[in-house]
Amino acid sequence: MTDADTTVDDIDIEALRERALTTLTTARDRTTLLTSCVDEPELTAQVSPLMSPLVWDLAHIGNQEELWLLRAVGGRDAMRPEIDGLYDAFEHPRSERPSLPLLPPAEARQYAAEVRGRVTDVLADSAFRGSRLTEAGFAFGMVAQHEQQHDETMLITHQLRTGPQALTAPDPEPVPLFTGPSEVLVPGGPFTMGTSTEPWALDNEKPAHRREVAPFYIDTTPVTNGAYLAFIEDGGYDDPRWWTKEGWAHVRRNSLVAPLFWRREAGQWLRRRFGVTEAVPLDEPVVHVCWYEADAYARWAGRRLPTEAEWEKAARHDPTSDRSMRYPWGDADPAPEHANLGQRHLRPAPAGSYPAGESPLGVRQLIGDVWEWTSSDFLPYPGFRAFPYKEYSEVFFGPEYKVLRGGSFAVDEVACRGTFRNWDYPIRRQIFSGFRTARSGAV
Ligand SMILES: [Fe+2]
């Protein structure tokens, strides 16, 4: 084919192929970094019953990639059918994984690399059409997101380990203390929630639908360590008034007094972050709090957590055009000036950072920094259809899980959209979770 014969469609397909390859490569580079900075005994050890040994994540990433991209898309035979069960997350809970006959580190690396090599061939031949799985490169996007989600999980494992520092990254740019308005009024009315057009969106983000939201105020920035400290020092953890019944029982049973990784020493609050102990930075969004803590703080502050719909309206709705955008700043893919994403920094940026990433109404840091707890249970949108399998989202729908939105510093942009939904148990706080608060406005 000569240049003159190249159609727009061909260019789109080449761009798609390039994007799929780039996102898969970015994910693998991150995986390699996270699994090469500790020694072999650490890779096979379990630092917490909540986490898998890192070597399990590594081979599981390869195995999922093989299942979806080599077998489902490429029509290839299984490379090692005998290991499928070991790396099936539903067959073995995390607590069981260290006792499984897992591939040793060198073999796990080799397996993941071989899968990737063959995926590159499948990708080179793909026309990105013919089935829902291949349309617009969805399966490649899904697998890249899956690997990045495990990269975030592996970063949590790194945060939980107690050995010396293994990972480093530059700190975010310092910013002047944020002195803008503490909250923003989001006018009432309907907006479009979810998406039907984002090609790599996952089933639970679909379909786009109109949602009525009453007027509300939302914090301009996530709640900071300094603000959270005021709750602690006001006796927040000792006062049942602020807690739900379940939250209070949980706090008492587990003797919680502060966010995970915090401790008080000689009158000062310190925290452990990736193997280093440091003073708690007061201007940084609070992280490693569970839903119960976020909910109690909000009640103490005379406020509440935003609902998931409120969060998304604040993040995506442009009141001028009445359109929901892909991100708070518009439709452009995230750039470093918009948000703290992709493990570029190993901490949230100070409250008020990233003015270029603010929403049309001026709400900041909705994307990146810390996952934000919402008051909402994880439920399907009207018209939800499970795809490509029920275990992706559908089996998790219900009141057991609370929704978190917006991504954290540990999430790559491929797995962080304005519509992206995360969910977890309300007791979880090893995740990079923070929150902002809201209050109802005058109708
Ligand atoms: Fe997984």
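The second largest cavity is lined by Q64, W68, M142, V143, H146, Y389 and Y392, where a cavity is a set of points, on a 1 Å grid over the protein atoms alone, at which a 1.4 Å probe fits but cannot get out, and lining residues have an atom within 4 Å of a point. The model is a predicted one, in which local features need pLDDT of at least 70 and side-chain atom pairs count only at pLDDT 80 or more, while totals for chains, interfaces and linings use all residues. Residues are numbered from 1 along each chain as its sequence is written, and side-chain values use heavy atoms, with hydrogens and water left out.

The volume of the second largest cavity is about 50 Å³, a volume being the space filled by probe spheres set on the grid points, which are joined across faces, edges and corners. Helices α3 and α5 each supply at least two residues of this lining, and α5 gives the most, with three residues; helices (H or I, at least four residues) and strands (E, at least two) are DSSP runs numbered from the N terminus. By class, the lining of the second largest cavity has five nonpolar, two polar and no charged residues, with Ala, Val, Leu, Ile, Met, Phe, Trp, Tyr, Cys and Pro counted as nonpolar, Asp, Glu, Lys and Arg as charged, and the others, Gly among them, as polar.

Across the whole structure, three cavities of 30 Å³ or more are found. The largest cavity holds about 100 Å³ of space and has 15 lining residues, of which Q159, R271, R273, V287 and H288 lie nearest its centre. Strand β6 (residues 268-273) contributes the largest share of this lining, three residues, and the lining as a whole divides into nine nonpolar, two polar and four charged residues.

The protein chain is divided into domain 1 (3-160) and domain 2 (174-443), with bounds that come from an automatic or database domain assignment. The centres of the two domains, taken over C-alpha atoms, are separated by 27 Å, and the contact between them (heavy atoms within 4.5 Å) takes 29 residues from domain 1 and 34 residues from domain 2.

Both domains also take part in the largest pocket, whose lining draws at least three residues from each of domain 1 and domain 2; a pocket is an open set of points with protein on both sides within 12 Å along at least five of seven lines. About 1,400 Å³ of space lies in this pocket. Its lining comprises 47 residues, of which A89, R94, H150, F396 and W423 lie nearest the centre, and the elements that give two or more residues to it are α3 (54-73), α5 (138-160), β11 (398-405) and β12 (421-424). Helix α3 gives the most, with seven residues, and the lining residues divide into 24 nonpolar, 12 polar and 11 charged.

In helix α7 (residues 245-253), the buried residues are G247, H250 and V251, buried meaning under 20% relative accessible area, exposed over 50% and partly exposed in between (1.4 Å probe, protein chains only). Seen down the axis of α7, these buried residues fall within an arc of 95°, so they line one face of the helix, the arc being that of the directions from the helix axis to the C-beta atoms. The buried residues of α7 pack against α8 (291-300), whereas K245 and R253, on the other side of α7, are exposed. Just after α7, S255 takes a positive phi of about 50°.
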